Amino acid sequence: MATVLDALSWVFLTLGGAFIFIGGVGLVRMPTFYARLHASSLTDSAGTILILAGLVCQVSAGIDAFKLLATLAFLLVTGPTASYALANAALLAGVPTDAQSVDDDDGQGDAVHGQNGGETRIDNLRPNPAEQED
Amino acid sequence: MLEIFGIFVLCLLVITAVAIVRTPDLFTAVMLTGIFSLLMATTFFLLDAVDVALTEAAVGAGIATVLLLAALALTAERERPDPDARRRIPLLAVASTGVVIVYATLQKPRLGDPDAPVQQHLGAFYLEQTEAQFEIPNVVTAVLGSFRGYDTFGETLVVFTAALGVLFLLARIREPRDPAFGTPTGLRHHLIPQVVGRAVIPFVVLFGLYVQFHGEYGPGGGFQAGAIVAAGIILFSLLEGEKSARRVLPPFVLLGLMSAGVLIYGGVGLVCLFLGGNFLDYSVLATDPVAGRQLGLLLIELGVGVTVVGVLLSIFHAFASREV
C-alpha cells in the first residue's frame, strides 16, 4: 500500500511540476498579455491540484490531509478569481489584445480591436460597435 | 537535498534583487518586491524559522505590495532617469561592504552545528526553560513574549509610532468633500471578485484569529495574525470601495485599536507590578505560575495583534483615501 501511494505521489508531483514548467514557458513565450495570463492561470490550477494531490498521498489521512485539501479548495477559489481580476483590469486599462496592430482599411474597429491600432479604450467597450463615433 | 533548494532559492533572490534595481518601471519593481518577499519567506522556511516565514509572507508579500501600489498610485510610474548620477562612489561603498561581509562569513560556524556559540548559552536556556516555565511547545512565542518581552513591547511601540508618522503625513480624518468619493469603487465588471471576496473574507479573518490564538502551540502569534486579518479587511476595502470600508471600520475605531493594543501590553506589565512581581513578570497573574505565564502570553499577543490590525488598516486608509 505504501509503495502504491509512493508511486502515485511520484506521478502526481511530476505531472504537477511539468504543468507548472509549461506554464512558465508560456509566460515567457506568449505574444500578448492575455495569452500569457491564460497560459499561467490554467497551468497553475492544474499544477496546484496535482501537486497537492501528490502531497496528500504522502501524509497520514486525517487532519493533515484535510488541511491540504482545505488549502486546495482555497487556492482553487482564489486563483481563477485573481486571473479574472487581472484580465479585467488589463482590459480596462487598455492593454492591447493583439500582438501587432490590426490593419483595418476603413478605420472602423470593433470593441476588441479598437480603432487606434490594437489599443482598447474605455469608451470603446460598447455593445454596439456601429454606434462608435470618431 | 535541502542545500540544493536553499542555494536555488538564494540564486532566485539575487536575480530578483538585480531586476528590482535595474528596472525603470516602478510597477514592475513593486511586483518584483512582492516576489522577493515570498522568496525570503521560502528561505526562512527552509531554515526552519516558520514563525518568521509566516510573518514575512503575510506582511512582505501581501500587505507591503498593496501599500507600495497605493503609494505608486500617488506618485509616478516610471523612475526618472538621472544621467548625471555618479555611480562610482556608491558602487565602491557597496562593493567594499559586500567584500567585508563575505570575509566575515568565512569565519561563521557551519549551519546547524551543535557546538556553535548560538546554541550554547542562551539558546539552551530558552529551550529548557520554555518547557519548565510555560509548558507550551512553541519556544519562539515564549522567547518573544516573555524572555524578551521588553523587546516585543518596544516592537509594538515602533509599529504604533510608524502608523502615527504615516497618519501625520497623509491622513484625512474626515471624508473629503469630493463628490466622487462616495461612489462605489471604480472597478467595472467587478461582480466576480466581489462575490468571491464575500465568500472568502470571513474565512481569512477566521484564519487570522486561529493564528492569533494558536501562537503558543504552533507558528503564529500577534504579528502574523494582525497581518492576516488586516489583509482580509484590505481586500474588503479594495472590493467594496473606500466609503464602505470607512463605514464598516471608521478611522476612530482604527485609532482606538492601535492605542488599545499598546495599552493592553503595557497594562499587563503594570498589573504584574501591582500584583507584586516585576514589570511583565506574568507568573503573578494567576495562583499557578505556569497558568499565569500562559495567561500573560495570551494577553500580550492579543495586544500585539490588535495593534498590528489597527496600524496596517490606518496606513492603508491613509494612502487609499487620498485623491490621485
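Axes here are lines fitted to C-alpha atoms, for helices over the stretch in contact, and angles between N-to-C directions run from 0 to 180 degrees. Helices (H or I, at least four residues) are DSSP runs numbered from the N terminus. The model is predicted, so local features need pLDDT of at least 70 and side-chain atom pairs count only at pLDDT 80 or more, while totals for chains, interfaces and linings use all residues. Residues are numbered from 1 along each chain as its sequence is written, chains are lettered from A in the order in which they are written, and side-chain values use heavy atoms, without hydrogens and water.

| Helix pair | Axis separation | Angle |
|---|---|---|
| α1 (residues 2-29) and α2 (residues 33-56), chain A | within 8 Å | roughly 165 degrees |
| α3 (residues 50-74) and α13 (residues 289-320), chain B | 9 Å | about 20 degrees |

With that angle, α1(A) is roughly antiparallel to α2(A) (over 145 degrees; roughly parallel is under 35). Their crossing is left-handed, meaning that the near helix is turned anticlockwise from the far one by less than a right angle. Contact (heavy atoms within 4.5 Å) involves residues including A:F12, A:G16 and A:I20 of α1(A) and A:A39, A:T43 and A:L50 of α2(A). By class, this contact has 12 nonpolar, 9 polar and 2 charged residues. Nonpolar covers Ala, Val, Leu, Ile, Met, Phe, Trp, Tyr, Cys and Pro; charged covers Asp, Glu, Lys and Arg; the others, Gly among them, are polar.

In chain B, α3(B) and α13(B) pack at about 20 degrees, which makes them roughly parallel. The crossing of α3(B) and α13(B) is left-handed. B:I63, B:V66, B:L67, B:A70, B:A71 and B:L74 of α3(B) meet B:L312, B:I315, B:F316 and B:F319 of α13(B). This contact has 10 nonpolar, no polar and no charged residues.

Terms used:
Helix = DSSP H or I, 4+ residues; strand = E, 2+ residues; numbered from the N terminus. Parallel < 35°, antiparallel > 145°, perpendicular 65-115°, else oblique.
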